[in-house]
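This report covers selected features of one structure. It begins with a question about a charged residue and then turns to the helices and the core.

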Amino acid sequence: MLHDQKFDFASKRMRWLYMHVTDHQAFDTLLDSYFDLTKNKGKIVSLNDREKAIHLSMQSQYFYQNGKFREAEIKVIEC
């Protein structure tokens, strides 16, 4: 989906997976790939409040796992 430039569809799937996956070890690799490929590809303005919260939560987890603690903290505050 990401390689075909279907970022909106991929974003919806990632948020759904994030809320339903219990073992995040394998999902974390997918999350890293998702944010690496979608940097600056879209804004979350069009998302509803629940989707924004999930997206910001995913971003904070991504930044935290990559040692970017300040960015992770900013996303938590935005959430």
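Is Arg70 buried or exposed?

The model is predicted. Arg70 has a relative accessible area of 52%, and since the cut-off for exposed is over 50%, Arg70 counts as exposed. The side chain of Arg70 forms a salt bridge with that of Glu73, at 3.5 Å from N to O. Glu73 is partly exposed, at 42% relative accessibility. Both residues belong to helix α4 (residues 69-78), where they sit 3 residues apart, about one turn of the helix.

A salt bridge also joins the side chains of Glu78 and Lys75, with an N to O distance of 3.9 Å. Glu78 and Lys75 are again 3 residues apart in α4, about one turn of the helix. Glu78 is partly exposed, with a relative accessible area of 45%, whereas Lys75 is buried, at 17%. The count of salt bridges comes to 2. As background to the spacing, an α-helix has 3.6 residues a turn, so residues three or four places apart point the same way.

## Helix α3

Helix α3 has 17 residues and spans 24 Å from its first C-alpha to its last, close to the 24 Å expected at 1.5 Å a residue. At the start of α3, a side-chain oxygen of Asn48 comes to within 3.1 Å of the backbone nitrogen of Arg50. After α3 comes Gly67, which has a positive phi, near 75°.

Buried residues of α3 include Ile54, Leu56, Met58 and Phe63, and also the polar residues His55, Gln59, Ser60 and Gln61. Gln61, in helix α3 (residues 49-65), has a relative accessibility of 16% and therefore counts as buried, the cut-off being under 20%. With neighbours within four places in sequence left aside, Gln61 is in contact with Tyr18, His24, Asp28 and Leu31.

## Nonpolar core

The largest nonpolar core has 12 residues: Ala10, Met14, Tyr18, Phe27, Leu31, Tyr34, Phe35, Ile54, Met58, Tyr62, Phe63 and Ala72. At least two residues of this core come from each of α1 (7-20), α2 (24-37) and α3. In soluble globular proteins, nonpolar side chains tend to be buried together.

Phe27 is one of the core residues. Apart from neighbours within four places in sequence, Phe27 is in contact with Met14, Leu17, Tyr18 and Val21.

Conventions
Residues numbered from 1 in each chain as written. Predicted model: local features only at pLDDT ≥ 70, side-chain atom pairs only at ≥ 80, totals over all residues. Heavy atoms only, no water. Helix = DSSP H or I, 4+ residues; strand = E, 2+ residues; numbered from the N terminus. Buried < 20%, exposed > 50% of the residue type's maximum accessible area, 1.4 Å probe, protein only. Contact = heavy atoms within 4.5 Å. Expected span 1.5 Å × (residues − 1). Polar contact = N/O pair within 3.5 Å; in protein donor to acceptor, adjacent residues only side chain to side chain. Core = buried A, V, L, I, M, F, W, Y, C linked by side-chain atoms within 4.5 Å. Salt bridge = Lys/Arg side-chain N within 4 Å of Asp/Glu carboxyl O.
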